[in-house]
Amino acid sequence: MTKKNLIVVGNGMVGHHFLEQFVASDAATGYRILVFGEEKLLAYDRVHLSEYFAGSSHADLAMGTADWYRDKDIDLHLDEQVTGIDREHRVVATSQGEYPYDELVLATGSYPFVPPIDGHDREHCFVYRTLEDLDAIRASAEGGKTGVVVGGGLLGLEAANALKSLGLEAHVVEFAPRLMPVQLDADGGALLRQKIEDLGVSVHTEKATTAIVEGEAARLRMNFSDDTNLETDLIVFSAGIRPQDTLARASGLDVGERGGIVVNNQCTTSDPHIHAIGECALWNQRIFGLVAPGYTMARTLSGALNKDPDAAFTGADMSTKLKLLGVDVGSIGDAHGQTPGSRSIRFNDEQAGYYRRMVVSADGRKLLGAILVGDNSKYDTLLQYALNGIDLPEAPESLILPEGQGDAPTLGPDALPDTAAICSCHNVTKGDICGAIDAGCSDLASVKGETRASTGCGGCTALLKTVVDSELAKRGVEVSKDLCEHFPYTRQELFHLVKVNGIRTFGTLISQHGKGHGCDICKPAVASILASCWNEHILATDHVPLQDTNDTFMANMQKNGTYSIVPRVPGGEITPDKLMVLGQVAKEYDLYTKITGGQRIDLFGATLSELPEIWEKLIAAGFETGHAYGKALRTVKSCVGSTWCRYGVQDSVGMAIEIENRYKGLRAPHKVKMAVSGCARECAEAQSKDFGVIATDKGWNLYVCGNGGMRPRHADLFATDLTDEELIRTIDRVVMFYVRTADRLQRTSVWMENLEGGLEYLKQVVLEDSLGICAELDQHMADIVSTYQCEWKTAVENPDQRKRFREFVNAPAQKDPVQQWAEERGQRRPLADPA
Amino acid sequence: MSNNTQRYRVCEVQDLIPESGVAVWTPAGPVAIFYLPAQTPSLYAISHHDPFSGANVLARGITGDLKGHLVVASPIYKQHFDLRSGVCLEDDSVRVPTFAVHLNGEDVIVEVPAEVVAAETA
């Protein structure tokens, strides 16, 4: 059987992608394939064109190789322009000959739109489309100082970056009142402008160029309609694209009023043997100027030529996430809120320099679109909501508020439909992942290997893991909750064993309920449980070997083996005398000093043997240990409250000190931080803490289970208008319930997320005593509070314990040779990477 | 004791911490000595130098057993080192030096390579 001829006109990204898809399909065996490219070069990645100026070559940007075309038996004609189509005889004419076709694919792309300005065709005026264009721009830039890009859209900013990288002073001239008018709103555009100007690119908006004439100080002068002008050495036009439909037009195919080859859902034109894909194709009155929709069309057409009845192009998501001149910009779906009835939620942080907008449906349940400038960290989550029509959480603003980040994972893997794209680089859906698991993949690595998910840009790694974990769990793949190989129990179960059986040492617990000798997982966990239950000194002989080095030496180990010291400064209130002592001690021992994020002073660089001497001095001055080393209460931050502040309604400092002193030394599954704000202005940032207290004119509002850290979470409002006594009692109970029931190293936020029944359940337990345990919780806390001791005071007064702090037990004068120092900003710091 | 090592008294039993380590200074540099009274033998010595962080800290790690190995966990980045072989459990291409160690009455004796001692005293 003789093969039919399939001709592809255009060797760009979309044309190449079509070939990749088609040659791998069954239908390919029935065709001889010819490709015509107008450029001299093989298809290359136009999306990353600017990298050409940063040193990438055509080979780096190339989509395939000549060998690939040869291997696939594709007859490639580069530098050969197609000049006409004879539809009746099914023949294309080129500059070099005539070629018959059975099926013809037009992948001719688009050309840059150059506004018809007087002088637009002068020397040193360019467009930004091909590598040849870039070569010409580079040559022109060599003799120039400044460059202007006409057009402040996505590609224009890309071009401005390119000019900058060529060493030019770059300007952007935009006709619209803001940058990226298609993707951004006024606020987003303004912020983007500010950020880009900060990078040294001048932005001129609402400028219409009337003529380009010879310049005086530079090669060219642009005259604007407002009678201003700008001199420049070169101009790059990037004012949008137009579909390249000349060939189609000339051969009588249907084209749109404003250009574009009309195609149906199978990407076929008005001639059943001619197809069009990519930026030259007009589908449903739309041109898609991004590469991803072009790829989708390419896949659709390959399917249609393979007689796949499901092959249909149904539109494409135009959401974009990119970095322009290093500035994050994201635009999702209906970014401008054009859907009737839609409403917006905006968050504009001028301080941190980011802007976020969500467009939600009239009923507030669906996300229709979004705009992000300055920080794209929320992009993936928002995109999932928008693409998959997932119901928004009750407080949708949490998706864009900075403190709300902890809420984002409530977009649990189960909320995603099977069609949800998890990895957009490789077009892997949740369904594909489930399929891989059903086919035998039993862990993350094998799912990645099977589906290629998260092997592209890697942006979906976290999402992929939660989907895989959840699907494995659903299929009954057991995730062991054992603490470690020594104890077949959870922390909570061990807590009960310790408490109920009155066990006071690790040795007893492991001999009765575990096996082996223990490890660095179970030992500190058990030490913490023992401390929470019995509150014995952590350096008691039985407990010493259980502790992490920070607890053992009651200081925080730093990277060079020295320690830092954090005395307690309750509520952040400190006298001048105490401040001076800290200064004197730091000076004497040459310690680096820094104010911590929690309103305390950290002293760095003490050697092991110096620790007891330093603490002796601090204790003499009235300081106590700050437990900065322990999984324990750290700080209670406060503002100045009603004492000094014009707005304060309660004494936040007094309350912070009372709280800090009450819970100091308490061992918990994770470190615990608290804060007290004297009014609703929240200067202590209490809502980002495990326990946050905010004064009202009627008392105190208590927030629980927030945190900063890697996955910040806003605390939840737990109770309102509490009296001092009610406040303390409520905190007592929540803290103690947490201490007793949380997992090892589990923060309050994660504990709350995993607590069945959540906040409501916690309220029932603590406020309504639904379990009947409040009296016991109260008693337990009272025991802990009444047995407090300053661990450092006990240690420095005990000669045996002090001996533990010898750097080398046989050589007291020996300095540790790897601890070497450099000076920076007037203080001593460790020399990088000790040998 | 082999011929090419030198015995070196580093401290007494009462300087040791049961189920934990202490650091001593020897001609071969800092050595971490672990005292595990329930084990036979009860004394182990490896280099105090943590090859991952570059700091002298291994004696300050938590001891235990993992998959049948007696180990100490580095207090900095938490890798585990076998107390008998010095091999890192997470990366067996990394191994810290080990030393013979025993008791002589109340004295703790570490054997360090003789050439190191010779160089030190020369």
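In the predicted model, Val172(A) stands opposite Val203(A), a residue of strand E12(A). This pair belongs to the parallel pairing of strand E11 (residues 169-173) of chain A with E12(A), in which the two strands are joined by 3 bridges. Both strands are part of an open sheet of 5 strands in chain A, arranged in the order E9-E16-E10-E11-E12 with parallel pairing. The edges of this sheet are formed by strand E9 (125-127) and strand E12 (202-204) of chain A, each of which pairs on one side only. On average, and with direction ignored, neighbouring strands of the sheet are turned by 25° against each other. Helix H4 (residues 131-142) of chain A packs on the sheet, where it touches E9 and strand E16 (234-237) of chain A, and the direction of H4 makes about 150° with that of E9(A).

A further set of strands in chain A is built around strand E24 (residues 354-360), in which 7 of the 7 residues are buried, so that E24(A) is largely enclosed by the rest of the structure. In a regular strand the side chains alternate between the two faces of the sheet. In E24(A) both faces are covered, with Tyr354(A), Arg356(A), Met358(A) and Val360(A) buried on one side and Tyr355(A), Arg357(A) and Val359(A) buried on the other. Strand E23 (residues 343-349) of chain A pairs with E24(A) in the antiparallel sense over 7 bridges, and Tyr354(A) in E24(A) is the bridge partner of Asp349(A). The two strands form a hairpin with 4 residues between them, and Gly353(A), in the turn, has a positive phi of about 80°. Strand E25 (residues 367-373) of chain A likewise runs antiparallel to E24(A), to which it is joined by 6 bridges, and Leu372(A) in E25(A) is the bridge partner of Arg356(A). The hairpin of E24(A) and E25(A) has 6 residues between the strands, among them Gly364(A), which takes a positive phi near 75°.

Two packed helices are described by the angle between their axes and the distance between the axes. For helix H17 (residues 576-588) and helix H18 (residues 610-620) of chain A, the packing angle is about 160° and the axes are 10 Å apart. As this angle is over 145°, H17(A) is roughly antiparallel to H18(A). The crossing of H17(A) and H18(A) is right-handed, and the contact is made by Val581(A), Leu582(A), Val585(A) and Glu588(A) of H17(A) together with Ile614(A), Lys617(A) and Leu618(A) of H18(A). Of the residues in this contact of H17(A) with H18(A), 5 are nonpolar, none is polar and 2 are charged.

Backbone geometry was also examined. Most residues other than glycine have a negative phi, and most peptide bonds are trans. Asn284(A), which is not a glycine, has a positive phi of about 55°; Asn284(A) lies in the loop between strand E20 (281-283) and helix H8 (291-305) of chain A and is exposed, with a relative accessible area of 55%. Lys307(A) also has a positive phi, near 60°, and lies in the loop between H8 and strand E21 (320-324) of chain A, where Lys307(A) is exposed with a relative accessible area of 72%.

In chain B, a cis peptide bond with omega of about -5° joins Thr40(B) and Pro41(B), and Pro41(B) lies in the loop between strand E3 (29-35) and strand E4 (43-47) of chain B. Chain B contains 1 helix and 9 strands, running from the N terminus as β-β-β-β-β-β-β-β-β-α. Of the 122 residues in chain B, 57% are buried.

Note on methods: Residues are numbered from 1 along each chain as its sequence is written. Chains are lettered from A and ligands numbered from 1 in the order in which they are written. This is a predicted model: local features need pLDDT of at least 70, side-chain atom pairs count only at pLDDT 80 or more; totals for chains, interfaces and linings use all residues. Side-chain values use heavy atoms; hydrogens and water are left out. Axes are lines fitted to C-alpha atoms, for helices over the stretch in contact, and angles run from 0 to 180 degrees between N-to-C directions. Angles under 35 degrees count as roughly parallel, over 145 as roughly antiparallel, 65 to 115 as roughly perpendicular and the rest as oblique. A crossing is left-handed if the near helix is turned anticlockwise from the far one by less than a right angle, and right-handed if clockwise. Contact means heavy atoms within 4.5 Å. Ala, Val, Leu, Ile, Met, Phe, Trp, Tyr, Cys and Pro count as nonpolar, Asp, Glu, Lys and Arg as charged, and the others, Gly among them, as polar. Two strands pair if DSSP finds at least two bridges between them. Buried means under 20% relative accessible area, exposed over 50%, partly exposed in between (1.4 Å probe, protein chains only).
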